[in-house]
Amino acid sequence: MHILRSLRELNLMRKAGLLVWEAHQLVGSMIRPGVSTLEVDRTVEAFFASHHATPLFKGVPGDKGPFPAVCCISVNEEVVHGIPSRRMLKEGDIVSVDTGCRLDGWCGDAAYTFAVGRLDPEVQRLLDVTQGVLELAIDLMSKKSRWSQVAEQMGAYVRDMGFSTVENFVGHGIGRDMHEEPQVPNFVSPSLQRNGDFSLEPGLVIAIEPMVNMGTKKVRQHNDSWTQSTSDGLPSAHFEHTVAITDQGIWVLTDPPGVGPNEHVPVVPVPEVKQQRMVRAGRQ
Ligand code: MG
């Protein structure tokens, strides 16, 4: 059973969310060819430390030892849980950076996929669609009464765009801890249908984090027991926000400063499904 948060608690979570937003701004300013993913991670680690925030990912237990970094950094065909390394980014790469922190006992969590220089147009479309499906979910949060109604449209949207939704990983409730109830799938999963559905009501706080693959939805785990890549080696993108429902409307807690309930402004417009269908039809 998930916990509903008071407005006082949401205001505290907003402080953590703002810090996570700021960390991603810092990451965005660093992304360019020649930068290593380890440099990105160390910068975020120093940023959280300077604000007396505790990173959420470092030390999470795994099969072959705890996660060693503050950010999960996944490049190109890597889907999630990539370990920062000396690998240098190069022109045309995409890099998914997922990070979170706890500030004064409350958590925030967000992810962005950044472009390194100019992208192949189809890879750019993958980024737009992944961000688009997150924006769609945020928009539907105020219009639907159950998560399954949102998840169904998310799955259909990605399908209609010709891509696939990763099913091995889902979003989550968030509050005092990074991973709380409920599970938040980006598609209608069997467990969601069975007993995992939940109502969209004031006080709910969830991290919504669609992962979208250009090819197959299947993923494989690397020998490090953390990194997950697409089975076919095609690129994958990941966007995430921590989102609350309030009496005043939807509040994206990892939005930029000054943005309150009902004021979420998408970074990119949601691509039109109809238009993309025509593009696909034209290719066949
Ligand atoms: Mg998350």
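Which residue of β15 does Ile-245 stand opposite? Ile-245 faces Ile-250 in β15.

## Basis of the model

The model is predicted; local features need pLDDT of at least 70, side-chain atom pairs count only at pLDDT 80 or more, and totals for chains, interfaces and linings use all residues. Residues are numbered from 1 along each chain as its sequence is written.

## Overall fold

The chain contains six helices and 15 strands; helices (H or I, at least four residues) and strands (E, at least two) are DSSP runs, numbered from the N terminus. The radius of gyration is 18 Å, close to the 19 Å given by the globule rule for 284 residues, so the chain is as compact as a globular protein of that length. This radius is taken over C-alpha atoms, and the globule rule is 2.2 Å times the number of residues to the power 0.38. The C-alpha trace spans about 50 × 45 × 35 Å along its principal axes.

Of the 284 residues in the chain, 46% are buried. A residue is buried if 20 or more other C-beta atoms lie within 10 Å of its own, exposed if 12 or fewer, and partly exposed in between, with C-beta atoms placed from the backbone. Among contacts with a separation of 6 or more, 69% join residues 24 or more positions apart; two residues are in contact if their C-beta atoms, placed from the backbone, lie within 7 Å.

## Strand pairing

Strands of a sheet pair through backbone hydrogen bonds, either parallel or antiparallel. Two strands are taken to pair if DSSP finds at least two bridges between them. Strand β10 (residues 211-213) is paired with β13 over three bridges in the antiparallel sense, and Met-211 has His-238 of β13 as its bridge partner.

Two bridges connect β3 with strand β12 (residues 228-230) in the antiparallel sense, and Val-80 is opposite Gln-228 in β12.

## The β14-β15 hairpin

Strands β14 (residues 241-246) and β15 (residues 249-252) run antiparallel and are joined by four bridges. They form a hairpin with two residues between them.

## Packing of α3 and α4

Helices α3 and α4 (residues 147-160) pack at about 155°, and their axes are 10 Å apart. Axes are lines fitted to C-alpha atoms, for helices over the stretch in contact, and angles run from 0 to 180 degrees between N-to-C directions. The two helices are therefore roughly antiparallel to each other, a term for angles over 145 degrees. Residues making the contact include Val-129, Val-133 and Leu-136 of α3, and Val-150, Gln-153 and Tyr-157 of α4.

## The loop residue Arg-118

Arg-118 is located in the loop between β5 (106-115) and α3 (121-141). This residue is exposed, with 10 other C-beta atoms within 10 Å. Apart from neighbours within four places in sequence, Arg-118 is in contact with Glu-91 and Gly-92. Arg-118 and Ile-94 are 24 residues apart along the chain, and their C-alpha atoms are separated by 9.7 Å.

How values were computed. Parallel < 35°, antiparallel > 145°, perpendicular 65-115°, else oblique.
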